[in-house]
Amino acid sequence: MKATVQVFLKSGVLDVQGKAVEAALHGLGWTGVSHTRVGRIIAFDLAAADRAAAEAEVKAMCERLLANPVIESWRAEIDEA
Amino acid sequence: MKAAVVVFPGSNCDRDCAVAIERSTGARVEMVWHQETALPADVDLVVLPGGFSYGDYLRAGAMAALSPVMAEVRAAATRGVAVAGVCNGFQILCEAGMLPGALLRNAGLKYVCKPVDLEVSNLQTRFTAAFKDRRRATMTVGNGEGNYFADEETLDRLEGEGRVVFRYADNPNGSARDIAGIVDGAGNVLGIMPHPDRAFEEDLGSADGALVFQSVMASA
């Protein structure tokens, strides 16, 4: 299975990179841009018995390593293809 | 007296820490590679030095927090051995869950490298006793992710329990409540963003960092 994990700073945590990118977009004329966040994507192949098992493993990975729960939230997509 | 400095791939203040501890306390210092599964016997202080362990991959300190030696560092801390994480070491201790909170990208987005004035907020810790009644200190910061963050409840608890040990007089990175250094609940694990290892004799602009090492060695 293919897993894609997105990690962003939590909404209550100031995302200074997002703010800087947003200011730059405004500077280029895209004044309608707001709530810009900069995060990261971690993609990997995973050997798992089924989708439920893969989801459980990815959740554990996010909680242990891929995201820092103090400051970050995450979202995972699992593709069985 | 014996100290250990852990060396991760990408540590760059490990030698600075060793020299600072040797010159300010006379303690013997052993360097410990991060793959080791034991610390030197009878160690009194373990230092996690500054630098960019694992190139700051994923998050600063995240990979180092999972290095084999960290199980030993955690066990030593539980036994009451003093552990000090400086800069990247502070980030590693937070990532390892040995200290609360996290270090975010600096509010100004810039890497900040300069001497800063600090308030010594608690003079009665194992890391500050040698300051006696001195409430001011100067040390150098060098960080891009030194912006201390914790939720309000955690910050209240840290302040209420006297665990904020150092504060910035003029906050260089946006740290919550001007926090520059904290200790864990038992008081023997210190995380500090400014570098005591860059301020251990007057020729470096300040000798205040030596007091941190002298405090902790006197407590051993």
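Me: The radius of gyration is taken over C-alpha atoms, and the globule rule is 2.2 Å times the number of residues to the power 0.38. What radius of gyration does chain A have?

Reply: Chain A has 16 Å, whereas a compact globule of 81 residues would have a radius of gyration near 12 Å. Its C-alpha trace spans about 50 × 30 × 15 Å along the principal axes. Please keep in mind that this is a predicted model, in which local features need pLDDT of at least 70, side-chain atom pairs count only at pLDDT 80 or more, and totals for chains, interfaces and linings use all residues. Residues are numbered from 1 along each chain as its sequence is written, while chains are lettered from A and ligands numbered from 1 in the order in which they are written.

Me: What scores does the predictor give the complex?

Reply: The complex gets an ipTM of 0.87 and a pTM of 0.95. For chain B the average pLDDT, the predictor's confidence in each residue from 0 to 100, is 97, and 100% of the residues score at least 70.

Me: Back to chain A, how many helices and strands does it have?

Reply: There are two helices and three strands in chain A, and from the N terminus on they run β-α-β-α-β. Helices (H or I, at least four residues) and strands (E, at least two) are DSSP runs, numbered from the N terminus.

Me: In what order do the strands sit in the sheet?

Reply: The order is β2-β1-β3 in an open sheet of chain A, with antiparallel pairing; two strands pair if DSSP finds at least two bridges between them. Because β2 (40–45) and β3 (72–79) of chain A each have a single partner strand, they stand at the edges, and one side of each is left without a neighbour in the sheet. From one strand to the next the twist averages 15°.

Me: And what packs on that sheet?

Reply: Helix α2 (residues 51–66) of chain A does, touching β1, β2 and β3 of chain A, and its direction makes about 155° with that of β3(A). Axes are lines fitted to C-alpha atoms, for helices over the stretch in contact, with angles running from 0 to 180 degrees between N-to-C directions. Touching here means contact, that is, two residues whose C-beta atoms, placed from the backbone, lie within 7 Å.

Me: How many bridges join β1 and β3 of chain A?

Reply: Strand β1 (residues 2–9) of chain A and β3(A) pair over eight bridges in the antiparallel sense, and Leu9(A) has Glu72(A) as its bridge partner in β3(A).

Me: Switching to where the chains meet, how many residues does each give?

Reply: Chain A puts nine residues into the contact and chain B puts in ten residues. On the side of chain A that touches chain B, helix α1 (residues 16–27) of chain A gives the most, with three residues.

Me: One more topic: is helix α3 of chain B enclosed or open?

Reply: Helix α3 (residues 88–95) of chain B is largely enclosed by the rest of the structure, because eight of its eight residues are buried. A residue is buried if 20 or more other C-beta atoms lie within 10 Å of its own, exposed if 12 or fewer, and partly exposed in between, with C-beta atoms placed from the backbone. These buried residues, including Phe90(B) and Cys94(B), pack against β3 (45–48), β4 (82–86), β5 (102–104) and β11 (189–192) of chain B.
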